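User: I am new to this structure and would be grateful for a close look at a single part of it.

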Amino acid sequence: MVVKVYGPFYASPKRVLVCLVEKEIEFETSPIDLFKGEHKSPEFLKLQPFGQVPVIQDGDYTLYESRAIIRYYAEKYKSQGTDLLGKTIEERGLVEQWLEVEASNYHPPLDNLVMHILFASALGFPSDPKIIQESEEKLGKVLDIYEERLSKSKYLAGDFFSLADLSHLPFTHYLANSMGKEYMIRDRKHVSAWWDDISSRPSWKKVLQFGAPF
Ligand SMILES: N[C@@H](CCC(=O)N[C@@H](CS)C(=O)NCC(=O)O)C(=O)O
């Protein structure tokens with residue numbers, strides 16, 4: 001059964017796509033145009049009642065929330081493709097810790113920057129310089145902690161690439177490219193080396209071929 005991924009042009013669906021590629025799981029994509037409001041259509045809301053992408057359909061199993069989906073596939077196909085969960089329960093604990101850090105500490109200020117720098121005019125709301133400045137400060141403090149961590153281990157959870165690193169790919173891609181904030185990565189030696197490493201994985205290069213709105 002081929003997994004169907006609703007998205008796929010936006011960042012959160014790409015978190016799922018890169019996981020599926022790493023796990024060597026066959027998938028097809030179903031485009032949803034957020035700018036036309038397709039994610040708020042009654043048909044789509046039956047799949048994802050909060051009206052967001054991604055959603056996956058795997059046979060008659062439906063799942064939404066990108067980080068739940070990547071955990072599901074990393075576990076379901078643990079011995080297929082790249083092991084993204086760690087070999088021991090302690091490694092798994094660290095993968096979970098850094099996945100939570102990504103979701104709770106890293107993503108919120110970065111999402112603010114993405115929305116206010118890249119998406120504001122296309123979505124028709126005013127870009128707020130105060131939010132941009134505060135979010136950059138917050139994200140900078142988080143990245144200082146990453147710098148310290150990555151001076152001690154090659155990847156976030158240890159010396160192995162995991163879901164924790166993978167989860168950072170789609171939104172950090174905006175930070176390192178179209179947002180004009182690449183210095184936030186490059187000013188931090190270990191974060192910079194980590195970014196070069198994870199963003200040059202063939203899985204991520206393949207996912208970038210799906211294109212993006214910006
Ligand atoms: N926590 C959700 C967030 C998904 C999300 O924010 N998706 C964006 C695209 S990257 C979206 O659908 N935005 C439209 C909206 O929120 O109305 C997940 O990780 O799946």
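How close do the axes of helix α4 and helix α5 come, and at what angle do they cross?

Analyst: This is a predicted model, in which local features need pLDDT of at least 70 and side-chain atom pairs count only at pLDDT 80 or more, while totals for chains, interfaces and linings use all residues. Residues are numbered from 1 along each chain as its sequence is written.

The axes of α4 (residues 89-123) and α5 (residues 129-150) come within 9 Å and cross at roughly 150 degrees. Helices (H or I, at least four residues) and strands (E, at least two) are DSSP runs, numbered from the N terminus. Axes are lines fitted to C-alpha atoms, for helices over the stretch in contact, with angles from 0 to 180 degrees between N-to-C directions. The crossing of α4 and α5 is left-handed (the near helix is turned anticlockwise from the far one by less than a right angle).

On the α4 side, the contact includes Asn105, Tyr106, Pro109 and Leu113; on the α5 side, Ile131, Ser135, Glu136 and Leu139 are among the residues involved. Contact requires C-beta atoms, placed from the backbone, within 7 Å. By class, this contact has 9 nonpolar, 4 polar and 2 charged residues (Ala, Val, Leu, Ile, Met, Phe, Trp, Tyr, Cys and Pro count as nonpolar, Asp, Glu, Lys and Arg as charged, the others, Gly among them, as polar).

Elsewhere, 4 strands form an open sheet of mixed pairing, in the order β2-β1-β3-β4; strands pair if DSSP finds at least two bridges between them. β2 (27-31) and β4 (61-64) are at the edges with a single partner strand each, so one side of each is left without a neighbour in the sheet. From one strand to the next, the twist averages 20 degrees.

Terms used: Contact = placed C-beta atoms within 7 Å.
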